[in-house]
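Thanks for coming, everyone. Please look at the structure on the screen before I start talking.

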Amino acid sequence: MLLRFVSRSVITGLVNALAILIFMAQLPELTNVSWPVYAIARAVQAAGIDLLVTGASSDSPLRSLIRGSKTSELLRSFSIPTVPMRQEACMTLLHTLTHPGARPGGTLFERQAVRAVIMRASAILLLYTRRYDDYSFPGGGLSPGEDPISGLRRELIEETGAANVSIEGYLGYLDEYRPPLKDGDDTLFMRSHFYLCCIEGELGEASPEAYELANGMVPRWIGIGAAIEHNRQVLGARPASMGLSIERETWMLAYVADQVAMQGR
């Protein structure tokens, strides 16, 4: 009986808010799922915020808050949690590569790296390196004790000039056993962690390191199929200038392309 004294817009807003709260309560469970699930969940979050706006009356403080300058902060407060690197039991091993000359059973020198998967429509943001004539994901090695998310943001700014970066979710990691870089080690073990990211606006001015400039490394938006085809041609020809990373990068590009194709079916 008392509900007749409550406006329809208030009831609609309360129902919408309750539905969103129930959805948000499930987000902590998204720690070991395929990366398209993160993207879908992000879309549902955005739709939920829009639902709150639609359900609120035109003069509602809630509507003013969401429509106003706090929109980006509000959306970020509903960000999907990523998996910390220390929680390896929750991570997904995507693939393992063993390069010729590596001896996995011997002394290992370990290196952790972070790399970004950034797509815009059918294009993907990659780094083209003239010296190796290949395409690779932006990212790089972490300094000892460096936070992986901070390290990824640092690498993106340096290599692509992308400053407005949001980390959407953790995709998994790829292990490599490489020939050693220094005497005393049998193998360089590299674990590359891949994150699904989004960037806002255009790329800024990159500030690559001196050796990256010397190698002719530049950021490029390119169709993912074209990048895979180019790298596979280099792998087939196997020129003397070919680097080791192209195998990892090409495998991951194909994995991302397969996931995108599966979601389009």
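**Charges, rings and one glycine**

Let's begin with a charged pair. Glu249 and Arg248 join their side chains in a salt bridge, 2.6 Å from N to O. Are these two residues buried or exposed? Glu249 is buried, because its relative accessibility is 1%. Arg248 is buried as well, because its value is 3%. The cut-off for buried is under 20% relative accessible area.

One caution before I go on. This is a predicted model.

Now the overall picture. The protein has eight helices and eight strands. There are 265 residues, and buried ones make up 42% of them. The accessible surface is about 14,300 Å², with 57% of that belonging to carbon and sulfur atoms. Take the contacts between residues at least 6 apart in sequence: 73% of them join residues at least 24 apart.

Back to charges. Side chains of opposite charge can pair when their charged atoms come close. How many salt bridges does the count come to? The count is eight. Some of them form a network, which links Glu146, Arg154, Glu155 and Glu158. Look at Arg154 first. Glu146 bridges to Arg154, with the closest N and O atoms 2.8 Å apart. Arg154 also meets Glu158, at 3.7 Å from N to O. Why are Arg154 and Glu158 separated by about one helical turn? Because they sit four residues apart in helix α5. Arg154 itself is partly exposed, because its relative accessibility is 26%.

Glu159 is buried, yet has no salt bridge. Which side chain of opposite charge is nearest to Glu159, and how far away? It is Arg115, at 6.8 Å. A salt bridge needs the nitrogen within 4 Å of the carboxyl oxygen, so Arg115 does not qualify as a partner for Glu159. What does the Glu159 side chain reach instead? It reaches the backbone nitrogen of Gly139, at 2.8 Å. Leaving out residues up to four places away in sequence, Glu159 touches several others, including Leu127, Pro138, Met217 and Pro219.

Next, the rings. The structure holds five aromatic pairs. Take Phe137 and Phe194. Their ring centres are 5.5 Å apart and their planes are at 80 degrees, so this pair is edge-to-face. Phe137 counts as buried because its relative accessibility is 2%. Phe194 is buried too, because its value is 0%.

Another pair is Trp251 with Tyr255. This one is stacked, at 5.6 Å centre to centre with 10 degrees between the planes. Both residues lie in helix α8, residues 245-264, four residues apart, so about one helical turn separates them. Trp251 is partly exposed, because its relative accessibility is 26%. Tyr255 is buried, because its relative accessible area is 18%.

Last stop, a glycine. Gly204 is in the loop between β7 and α6. It is partly exposed, because its relative accessibility is 40%. Where is Thr160 relative to Gly204? The two are 44 residues apart in sequence, but 7.2 Å apart in space, C-alpha to C-alpha. Beyond four places in sequence, Gly204 touches Thr160, Gly161 and Ala162.

That's my tour. Questions, please.

Definitions and conventions
Residues numbered from 1 in each chain as written. Predicted model: local features only at pLDDT ≥ 70, side-chain atom pairs only at ≥ 80, totals over all residues. Heavy atoms only, no water. Phe/Tyr/Trp six-rings, centres within 6.5 Å; stacked < 30°, edge-to-face > 60°. Buried < 20%, exposed > 50% of the residue type's maximum accessible area, 1.4 Å probe, protein only. Helix = DSSP H or I, 4+ residues; strand = E, 2+ residues; numbered from the N terminus. Lys, Arg positive; Asp, Glu negative; His and termini not counted. Polar contact = N/O pair within 3.5 Å; in protein donor to acceptor, adjacent residues only side chain to side chain. Contact = heavy atoms within 4.5 Å. Areas by Shrake-Rupley, 256 points an atom, 1.4 Å probe, with all protein chains shown as cover.
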